[in-house]
Amino acid sequence: MDWNQRYTYNFPTIVRFGAGVIDELGPYLKDLGLSKPLIVSDKFLSELPFFKNITKDLNAKGLTASVYTGVSKNPIKSDVLSGVKAFHESNCDSIVGLGGGASMDVARAIAMKAHHPDNDLFDFDDATGGDKFVVNEIPHFVTVPTTSGTGSEVGRSTVIADDETHRKRVLFSPRAMASRVFADPVLSMELPAHVTAATGMDALTHNIEAYLSKGFSPLCDGVAIEGIKLVSESLEKATLSPDLESRSKMMMSALMGATSFQKGLGIVHSLAHPLSTVFDTHHGLANAVMLPYGLEFNKEVSAERFKFLEKIIGCNDLIQWVNYLNKRLGMPASLKEMELDSSKIDELSDLALADVCHLCNPKEVTLENFKSIYNKAFS
Ligand SMILES: [Zn+2]
């Protein structure tokens, strides 16, 4: 990959960002002639005062908002199918994914399936070229993030598991991207510290892995570097003594992470995904723990980029800085500390090798590499 080849870059999501932008959601939908949004969220969030205020405000502005809260922590197919049913039963004309990654993912899948009654949801699986089945109209789709981590608000794919086998499928379509993102940091103010920390480490991992990944994208690199700088300035504060500025910086950095990882991710996500599959570990927490190990693996081959990041962050050693940050945030330093079952190393390693993220890692990863890294993390 170099300056002598041809590339395509695409950053098309319209993002409305800033404290209070949620107030613009109602007028925005009305201007488009839409009046019956289906708000997709999880049960916990839907009972918080700010959520009730949002629906109240929409109704006061002359819209009829329906709420669907059947979103599991790790979304499954029936979450989506029940949501499609709710969409039609309430005669909705638009979909708002409001919440963390799971809510936005389910909302996106409902949007993909709503006007495709003859398709099975998993027809849209990216592994089998699923986007060619997304041919009918997609309801107007908007995202409203309330956590700062996955960056799913700007994504165009969604991960949904089979109810019985728990096999995760990645559904993809460029048309499943939100038409508008309302990123209002005020909505993230009620996030508890441990969620802020774990989701924030996911955002940091996205930005770092994107910057180190072997794709060629000066555009993504620039976004990722600024995303890393924002985390270094704000994650500790956003977790330990949050104010609107630190939470705003984290919301921006999450958005930047998901924008920059169009370039690719790397070994850390491949190490982290199996922990969620086998032990149900939170995705951000899994990344936080595995990030120093993945960086250690890439240290030599990415030496120059490490040096640049150390300058940006203002630290002497990138890995030590991540370890220090983890400690400040109350994150465990190893899988041993998490008291996970080390007899699963072979299974974890097989899953890690089958994961596609490491294909963009700056250095090739083998099954033996995965085994030795997991061994280290368990000792
Ligand atoms: Zn992630």
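Mentor: Before we start, two residues are in contact if their C-beta atoms, placed from the backbone, lie within 7 Å. Keep in mind, too, that this is a predicted model.

Trainee: Happy to begin there! Which residues does Tyr293 touch, not counting residues up to four places away in sequence?

Mentor: Start with its place, which is in helix H10, residues 283–298. Leaving out residues up to four places away in sequence, the contacts of Tyr293 are Leu271, Ile373, Lys376 and Ala377.

Trainee: Why does Tyr293 count as partly exposed?

Mentor: Being buried takes 20 or more other C-beta atoms within 10 Å, and being exposed takes 12 or fewer. Tyr293 falls in between because its count of C-beta neighbours inside 10 Å is 19.

Trainee: What distance separates the C-alpha atoms of Tyr293 and Pro218?

Mentor: Along the chain, these two residues are 75 residues apart.

Trainee: Let's turn to helix H8. How many of its 17 residues are buried?

Mentor: H8 covers residues 244–260 and reaches 24 Å from its first C-alpha to its last, close to the 24 Å expected. The helix is mostly covered, and the number of buried residues is 15.

Trainee: And the domains: how many residues does the contact take from domain 2?

Mentor: The domain assignment gives domain 1 as 15–188 and domain 2 as 193–378. Their centres, taken over C-alpha atoms, are 27 Å apart. Domain 1 gives 17 residues to the contact, while the number from domain 2 is 19.

Trainee: How do the residues on the domain 1 side divide?

Mentor: This is the side of domain 1 that touches domain 2. Its residues divide into eight nonpolar, eight polar and one charged.

Definitions and conventions:
Residues numbered from 1 in each chain as written. Predicted model: local features only at pLDDT ≥ 70, side-chain atom pairs only at ≥ 80, totals over all residues. Helix = DSSP H or I, 4+ residues; strand = E, 2+ residues; numbered from the N terminus. Expected span 1.5 Å × (residues − 1). Domains from an automatic or database assignment. Nonpolar A, V, L, I, M, F, W, Y, C, P; charged D, E, K, R; others polar.
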